[in-house]
Amino acid sequence: MTYVVTDNCIKCKYMDCVEVCPVDCFYEGENMLVIHPDECIDCGVCEPECPADAIKPDTEPGLDKWLQINSEYADKWPNITAKKEPPADAAEFDGAPGKFEKYFSTEPGAGD
């Protein structure tokens with residue numbers, strides 16, 4: 001099992017999860033984070049820290065797409081180990097429908 005970041009992170013990009021991860025397995029895209037599934041130790045400390053409830057165990061049904069996205073972009077985006085400020089409009093996007101189709105960006109973030 002591993003944890004994955006799902007679509008509610010898009011345009012919210014809270015980073016409370018990064019701060020508690022003991023193995024630094026988060027990677028930063030332009031408008032979301034992903035977890036490297038081969039680095040995640042399945043400790044689960046990140047899941048309750050996410051204000052947007054965007055982190056889920058990959059054992060939940062219907063998350064195959066997100067496991068693939070996390071795996072693919074963790075290899076392309078820079079590692080992030082320190083919490084940064086979320087976007088100023090993050091609260092407006094929390095829970096918004098259709099975020100992947102409307103806003104997902106393949107561009108990398110700045111990382112550390």
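K84 is found in the loop that runs between α2 (64-74) and α3 (90-93); helices here are DSSP runs of H or I with at least four residues, strands are runs of E with at least two, and both are numbered from the N terminus. The model is a predicted one, in which local features need pLDDT of at least 70 and side-chain atom pairs count only at pLDDT 80 or more, while totals for chains, interfaces and linings use all residues. Residues are numbered from 1 along each chain as its sequence is written, and side-chain values use heavy atoms, with hydrogens and water left out.

With a relative accessible area of 27%, K84 is partly exposed. Leaving out residues up to four places away in sequence, K84 touches M15, E28, A110 and G111, where a contact means heavy atoms within 4.5 Å. One of these partners, E28, also meets K84 through a polar contact between the two side chains, at 3.0 Å. A polar contact is a pair of N or O atoms within 3.5 Å; within protein, one atom must be able to donate a hydrogen and the other to accept it, and residues adjacent in sequence count only if both atoms are side-chain atoms. The C-alpha atoms of K84 and G109 are separated by 12 Å, and these two residues lie 25 apart along the chain.

Charged pairs come next. Side chains of opposite charge can pair when their charged atoms come close. The structure holds five salt bridges, each being a side-chain nitrogen of Lys or Arg within 4 Å of a carboxyl oxygen of Asp or Glu. In one of them the side chains of E28 and K13 meet, at 2.7 Å from N to O. E28 lies in strand β2 and K13 in the loop between β1 and α1, so this pair ties together parts that are 15 residues apart in sequence. E28 is buried, at 4% relative accessibility, and K13 is buried too, with a relative accessible area of 8%.

D16 and K83 form another salt bridge, with their closest N and O atoms 3.3 Å apart. This pair links distant parts of the chain, since D16 sits in helix α1 and K83 in the loop between α2 and α3, 67 residues apart. K83 is partly exposed, at 40% relative accessible area. A further salt bridge joins D53 and K56, whose closest N and O atoms are 3.0 Å apart. Here D53 counts as partly exposed, at 45% relative accessibility, whereas K56 counts as buried, at 17%.

What of the nonpolar side chains? The largest nonpolar core has 34 residues, and those with the most contacts inside it are F26, M32, L33, I35 and I55. Such a core is a set of buried Ala, Val, Leu, Ile, Met, Phe, Trp, Tyr and Cys residues joined through side-chain atoms within 4.5 Å. Two or more of its residues come from each of β1 (3-5), α1 (16-20), β2 (26-28), β3 (33-35), α2 and α3. The largest share is that of α2, which gives four residues. Beyond its neighbours within four places in sequence, I35 is in contact with several residues, including V4, F26, I55 and A74.

A search of the whole structure finds zero disulfides, a disulfide being a pair of cysteine sulfur atoms within 2.5 Å. For C9, the nearest cysteine sulfur is that of C50, 6.4 Å away. For C12, the nearest cysteine sulfur is that of C9, at 7.1 Å. Both cysteines are buried, C9 with a relative accessible area of 7% and C12 at 0% relative accessibility.

Finally, the chain as a whole can be described. Its secondary structure comes to four helices and four strands, which follow the pattern β-α-β-β-β-α-α-α along the sequence. For 112 residues, a compact globule would have a radius of gyration near 13 Å, and the 12 Å of this chain agrees; the radius is taken over C-alpha atoms, and the globule rule is 2.2 Å times the number of residues to the power 0.38. Of the 112 residues, 46% count as buried.

Notes:
Buried means under 20% relative accessible area, exposed over 50%, partly exposed in between (1.4 Å probe, protein chains only).
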